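Hi everyone, thanks for coming. Let's have a look at today's structure together.

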Amino acid sequence: MFYVTRRTIEYRKSRKCNTLEDKLNFVLFESDTVLLMIGVLFLYHFFKYSKLLFILDSIGNILSIFYYKLIDDKKYHLYTTFALIQVIVFTSFATLILGWRTGFYYYIFLSFVAFFLPFYLKDEEVEKQISRIPIGVLLIILFFALYYLTNNVNLSFSVSVPRGVEDAFCYINFTVNAILIIAFAYFYSSLIILEKKELSSRADYDELTELYNRYVLNKNLEANIKLVDGKAKDAENFLVAMLDIDFFKKINDTYGHNAGDYVLKILAKKFKKFVKYGMLVGRWGGEEFLFMSTSMEKDVFEEKLNDLRKEVEKTNFKYNGKKIKVTVSIGIGKYISGMDPTDLVKAADDNLYKAKECGRNRVVS
């Protein structure tokens with residue numbers, strides 16, 4: 001009990017629910033704690049009415065200590081397998097001996113929810129998940145078998161339990177199972193929310209640089225054009241810049257594509273800083289990046305980008321002990337009434353082309 005008490009205090013103090021696996025550990029650990037407490041609470045009554053149930057419950061309480069260790073070690077398959085066997089054995093004997101009205105069959109419903117839960121975390125193949133369907137069928141058969149035997153067969157080993165005790169067992173078992181099913185539902189909802197965030201992230205962000213992708217940039221170009229079109233003052237500050245890494249193909253050819261990815265990641269970190277100036281930054285494609293601003297004067301916009309160009313030039317890029325010289329060229333385009341997104345990007349792209357023609361490593365507006 002000392003181990004259980006210590007681990008319970010540690011979990012509740014740490015509140016380690018930052019990741020999906022943390023949430024799973026928390027749910028499993030708290031569930032095991034609740035079941036252990038109920039097992040200890042029932043010991044006296046089991047001893048009074050059935051020595052067999054007393055022995056089974058005592059063994060289950062001891063095994064709970066072992067289950068905590070399995071959860072700590074993230075051995076979810078072993079945990080759920082052992083726990084399922086224990087639930088099937090104990091639920092069957094408790095229902096057959098004490099009767100249907102005591103509500104021990106509720107743990108079969110909990111098993112439906114809990115047994116399949118850890119496998120979603122491990123992203124197992126569909127075939128492996130489907131292979132566990134027979135276990136669900138087994139639980140359904142067990143439920144109806146227990147109902148039939150307790151209500152239609154005169155079992156010699158069953159015991160008579162006072163109505164008040166039956167009701168107490170039923171209320172406690174129902175409450176415990178309802179609480180634990182809600183806890184598992186919490187995990188499932190967390191799983192759905194996480195998957196939704198991941199899908200959204202994949203749709204909106206470039207995987208390598210973690211900057212906005214071209215789709216998001218185009219959507220923002222369209223939205224901002226609608227906002228500023230016909231408003232001379234707002235249109236004056238609607239600016240975009242196209243940045244291109246000079247001789248990026250040569251970097252890939254000379255140092256390898258992993259080195260090229262390294263350069264892109266380092267530059268992306270520098271580009272993210274421009275968000276504080278109210279700019280939108282994203283990867284347009286390949287080694288090209290687009291900067292967008294609707295609240296900055298052109299001179300200031302150009303000055304910020306020129307500072308970035310100088311910073312990149314001074315940065316010491318080193319990959320696998322080899323120094324890589326990196327510079328960037330930048331072209332700025334200004335919105336003119338009547339432009340569509342393609343026209344605005346082309347204006348920036350044309351100036352980027354001029355920057356490259358003039359020797360690269362410069363800003364042209």
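Before the surface numbers, a quick word on method: accessible areas come from Shrake-Rupley with a 1.4 Å probe, and for residues only the protein chains shown count as cover. What we have here is a predicted model, where local features need pLDDT of at least 70, side-chain atom pairs count only at pLDDT 80 or more, and totals for chains, interfaces and linings use all residues. Residues are numbered from 1 along each chain as its sequence is written, and side-chain values use heavy atoms, leaving out hydrogens and water.

With that settled, the accessible surface of the chain is about 20000 Å², and carbon and sulfur atoms hold 59% of that area.

How much of the chain is buried? Taking buried as under 20% relative accessible area, exposed as over 50% and partly exposed as in between, with a 1.4 Å probe and protein chains only, the answer is 44% of the 365 residues.

Now the fold. Helices are DSSP runs of H or I with at least four residues, strands are runs of E with at least two, and both are numbered from the N terminus. We get 15 helices and seven strands.

For contacts, meaning heavy atoms within 4.5 Å, take the pairs with a separation of 6 or more: 73% of them join residues 24 or more positions apart.

Let me zoom in on Glu166, in helix α9, residues 163-204. Glu166 is buried, at 14% relative accessibility. Leaving aside residues up to four places away in sequence, Glu166 touches Leu98, Arg101, Thr102 and Val161.

Finally, the cysteines: Cys170 is buried at 17%, whereas Cys358 is partly exposed at 48%.
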